[in-house]
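I opened the notebook today to go through one structure piece by piece, writing down what I looked up and what I found.

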Amino acid sequence: AANAGGPLLRVTRDGTPAETRAELARLRPQEIYVAGGTAVISHSVVNSLGGYATSGKATRLAGADRYGTAAAVATSAFANGVEVVYLATGLGFADALSAGAAAAAVDGAVLLSNPDRLPASIAGALRTLRPSQVILVGGTAALSSGIEAELKALGVATVRRISGSNRYATAAAISVDTFAPDVPAVLLATGAQFPDALAGAAAAGELGVPLLLTEPTRTPSVIINELRRLLK
């Protein structure tokens, strides 16, 4: 959920790392939400996490697959609907993570899709959320033009696309579309793997600042240009 209002921490399927336990103890959250089914996070882990919440329980948000889980998270976070949904491919991580910070900045949600068709769970979530605008993240190889037609058939008034030549250019394009210059901070994470950017997207959303991606050993020119624009 883009505007869940708290940090994102990681666990393993069968345990909670010491670093995560220490941070939960420090934060003393009122609510803890666990994203994913028992194949990725066991019942015992969920039960143990409840001990760190002042409410005394952790709530699992899950579906039959990644699309169902994304739908469950979004509809839980936006029970009264949402104006804007960012739709990204579920076959890769970069576009969805780049969209997360932007979605939080406009109080929007992020959902996932197959490249060529909307999963039934996502179509159902869109009917529940009733967005007036859906922003497709990435080019037609990531989300086909057929997806646009499906969204229109669901009654979405405005469907538009934000994309670049690669994941770095797409991240920059999302930032340009969402954030004015002179932001207080920019979060930068590797675009080669997802864990750092996953945690960073939650932090960026909480701070209301962009998340940009970089290569491990060099910063792409499109990202340098966007940093110059944002921080001037």
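Where is the place of Ala157? I looked this up in what is a predicted model, and I found Ala157 in the loop between helix 6 and strand 6. I then checked its accessibility and noted a relative accessible area of 53%, so Ala157 counts as exposed, the cut-off being over 50%. Setting aside residues up to four places away in sequence, I found Ala157 in contact with Ser132 and Lys152. I also took the distance to Arg130, which is 27 residues apart from Ala157 along the chain, and the C-alpha atoms of the two are separated by 9.9 Å.

**Entry on the cores**

Next I asked which residues of the largest nonpolar core touch the most other members. This core has 34 residues, and the ones I wrote down are Leu87, Leu111 and Leu151. I listed the elements that give two or more residues to this core, among them helix 3 (66-77), strand 3 (84-89), helix 5 (120-129) and helix 6 (145-153). Strand 3 gives the most, with 5 residues.

**Entry on a helix pair**

I turned to helix 4 (residues 94-105) and helix 7 (residues 167-178), whose axes are 9 Å apart and meet at an angle of about 10 degrees. Angles under 35 degrees count as roughly parallel, and I therefore describe helix 4 and helix 7 as roughly parallel to each other. From helix 4, I noted that Ala94, Asp95, Ser98, Ala99, Ala102 and Ala105 take part, and from helix 7 their partners are Arg167, Thr170, Ala171, Ile174 and Thr178. Sorted by class, this contact has 6 nonpolar, 3 polar and 2 charged residues.

Is Gly200 buried or exposed? I located Gly200 in helix 8 (residues 195-207), and with a relative accessible area of 13%, Gly200 is buried. Apart from residues up to four places away in sequence, Gly200 touches Leu187 and Leu211.

**Entry on positive phi**

Last, I looked at residues that have a positive phi although they are not glycines, and I noted Arg28, with a phi of about 50 degrees, and Asp182, with a phi of about 70 degrees. Arg28 lies in the loop between helix 1 (18-27) and strand 1 (32-35), and at 63% relative accessibility Arg28 counts as exposed. Asp182 lies in the loop between helix 7 and strand 7, and at 59% relative accessibility Asp182 counts as exposed.

Terms used:
Residues numbered from 1 in each chain as written. Predicted model: local features only at pLDDT ≥ 70, side-chain atom pairs only at ≥ 80, totals over all residues. Heavy atoms only, no water. Axes fitted to C-alpha atoms, helices over the stretch in contact; angles between N-to-C directions. Helix = DSSP H or I, 4+ residues; strand = E, 2+ residues; numbered from the N terminus. Parallel < 35°, antiparallel > 145°, perpendicular 65-115°, else oblique. Contact = heavy atoms within 4.5 Å. Nonpolar A, V, L, I, M, F, W, Y, C, P; charged D, E, K, R; others polar. Core = buried A, V, L, I, M, F, W, Y, C linked by side-chain atoms within 4.5 Å. Buried < 20%, exposed > 50% of the residue type's maximum accessible area, 1.4 Å probe, protein only.
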